[in-house]
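This report covers the overall build of one protein chain and then turns to a few individual residues.

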Amino acid sequence: MKVAIIGTGYVGLPTGVGLAELGHTVICIDRESSKIEKLRQGKITLYEEGLEELFHKNLAKGTISFTMSMEEGIRGADLVMIAVGTPPHPVTKEADMQYVYAAATELADFLDGYTVVATKSTVPVGTGDVIESLINKKNRNAQFDVVSLPEFLREGYAVHDFFNPDRIIAGANTTKAKELIDLLYSPMPSKPKILFVQRRSAETIKYASNAFLAIKIHYINEMADFCEKVGANIEEVADGMGLDSRIGNKFLVPGPGYGGSCFPKDTKAMAFMAKVNEVEMSLIETAIAGNEFRQKNLAHHIIKEISHIETPIVAVLGLTFKSGTDDCRESPAITMVEELLERDIRIQAFDPKGIKGAKELLGNRIEYAGSIENALYNAHAVLIATEWEEFKNISIKTIEANMQGKWIFDYRNLLDKDSLINAGFKYVGLGR
Ligand code: UGA
């Protein structure tokens, strides 16, 4: 099957590579010439565990190719996926649909034969109808169906999640479209369940899932605060809760708040849609406000504890919004750094993958260290903001040998609290 994918970001590229690996012929379309040039030359444009190897393999086989030309990409495609960004509007926070609509309008002229146009981007409910009418307006003869095919890949695990999805949701209203979606995923070794639903339901499932997970994280974060006050341990509490299969043991890890390009954006877009439709969604509203407050509040805790130091230096370990990715968008680490910078605190930061992304957001306002040791050097306090594996193994010796201060703000609960306290450190974790 020939599949065209519009957009080569964190959704489009892993999906394209995955579909090529399944045996489809994939062509990825992007407007950014520098990106397409790099990809053509075999240079991967984003970090995802296991992606580079599959990308090279399929590029060499010729099962995946890249173009800037909409015509070249769309002509002869059986299925077109729209995987462009839907960033939040700066004021209303509704999803900005200009890239999706532009893609739908541009592709219309080049559809030939029956084609399924599938939306992978996270889009407001009802977008499928708009895309359908945009294509119809532009090309009256086009034979096509618009399907909502929401994406559930996690950044950092995109390759794993592509081949092992919990479910595939397809909002397809015709038998022909359903057959094509079945065919698309039929080579999947894991034989995932495809749930066919109405298009508007599929669009809603995406937002409902992300908002639910965001609320779950906010809940466990509040529970961690509670544990801290009453002398309970959040890890034990989460383990105990997670044994109930109705609750489930995932997404019960406390941290500095959820970040990334999805949860913050999608919760706000959901809240916006609820308002427009006059539906009360107080849980989502509370999670959004609570999540924003949490990041700032945790930074203020650091500021308070080190306020007596004249020129404080804080080592920040981790800048990405979570481990396993190079993405710093909406990262709680960046928000906390911004708060510390407002108080003129000197920052020495290290991240195994996120330095490039962090530089785009923080520029030269902080110092970027090449190693954990360099970040810790002479620091009065260390903030662990991302749960990278290498941070778990930092020894007390390394901390003692490099830092001048004693404060450890472990906002991912990675280190052994008791040994640090016994070694004379002032340890602050979350709910433990
Ligand atoms: C999320 C969803 O998990 C994917 O299913 C979805 O496809 C994706 O958004 C999307 O809409 O494209 P992602 O943003 O990659 O994926 O990251 P998650 O692994 O879900 O983590 C999001 C944030 O929650 C991170 O900041 C992470 O540190 C935080 N988190 C997650 C916690 O604080 N605690 C947890 O227990 C889990």
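For a chain of 432 residues, a compact globule would have a radius of gyration near 22 Å, and the 23 Å of this chain agrees with that. The model is predicted. Its C-alpha trace spans about 75 × 50 × 40 Å along the principal axes. The secondary structure of the chain consists of 18 helices and 14 strands.

Among contacts with a separation of 6 or more, 72% join residues 24 or more positions apart. Of the 432 residues, 54% count as buried. The accessible surface amounts to about 19,700 Å², and carbon and sulfur atoms supply 51% of that area. The chain carries 48 positive and 58 negative side chains, with the centres of the two sets 2 Å apart.

| Residue | Relative accessibility | Class |
|---|---|---|
| Asn-402 | 16% | buried |
| Lys-93 | 31% | partly exposed |
| Arg-343 | 49% | partly exposed |
| Asp-344 | 67% | exposed |

Asn-402 belongs to helix H17, which covers residues 396–402. Asn-402 counts as buried because its relative accessibility of 16% falls under the 20% cut-off. The side chain of Asn-402 reaches the backbone oxygen of Thr-398 at 2.8 Å. Beyond its neighbours within four places in sequence, Asn-402 is in contact with Glu-373, Leu-376, Tyr-377, Asn-378 and Ala-379.

The loop between helix H13 (332–342) and strand S10 (346–350) holds Arg-343, and Asp-344 lies in the loop between H13 and S10 as well. Arg-343 is partly exposed at 49%, whereas Asp-344, at 67%, is exposed. With residues up to four places away in sequence left out, Arg-343 touches His-300 and Ile-303. Between Arg-343 and Pro-312 there are 31 residues of sequence separation and a C-alpha to C-alpha distance of 9.7 Å.

Backbone geometry is the last topic. Most residues other than glycine have a negative phi. Asp-344 has a positive phi, near 60°. Lys-93 also has a positive value, with phi near 75°. Lys-93 sits in the loop between strand S4 (79–82) and helix H5 (98–108), and its relative accessible area of 31% makes Lys-93 partly exposed.

Methods:
Residues numbered from 1 in each chain as written. Predicted model: local features only at pLDDT ≥ 70, side-chain atom pairs only at ≥ 80, totals over all residues. Heavy atoms only, no water. Helix = DSSP H or I, 4+ residues; strand = E, 2+ residues; numbered from the N terminus. Rg over C-alpha atoms; globule rule 2.2 N^0.38 Å. Buried < 20%, exposed > 50% of the residue type's maximum accessible area, 1.4 Å probe, protein only. Contact = heavy atoms within 4.5 Å. Areas by Shrake-Rupley, 256 points an atom, 1.4 Å probe, with all protein chains shown as cover. Lys, Arg positive; Asp, Glu negative; His and termini not counted. Charge placed at Lys NZ, Arg CZ, Asp CG, Glu CD. Polar contact = N/O pair within 3.5 Å; in protein donor to acceptor, adjacent residues only side chain to side chain.
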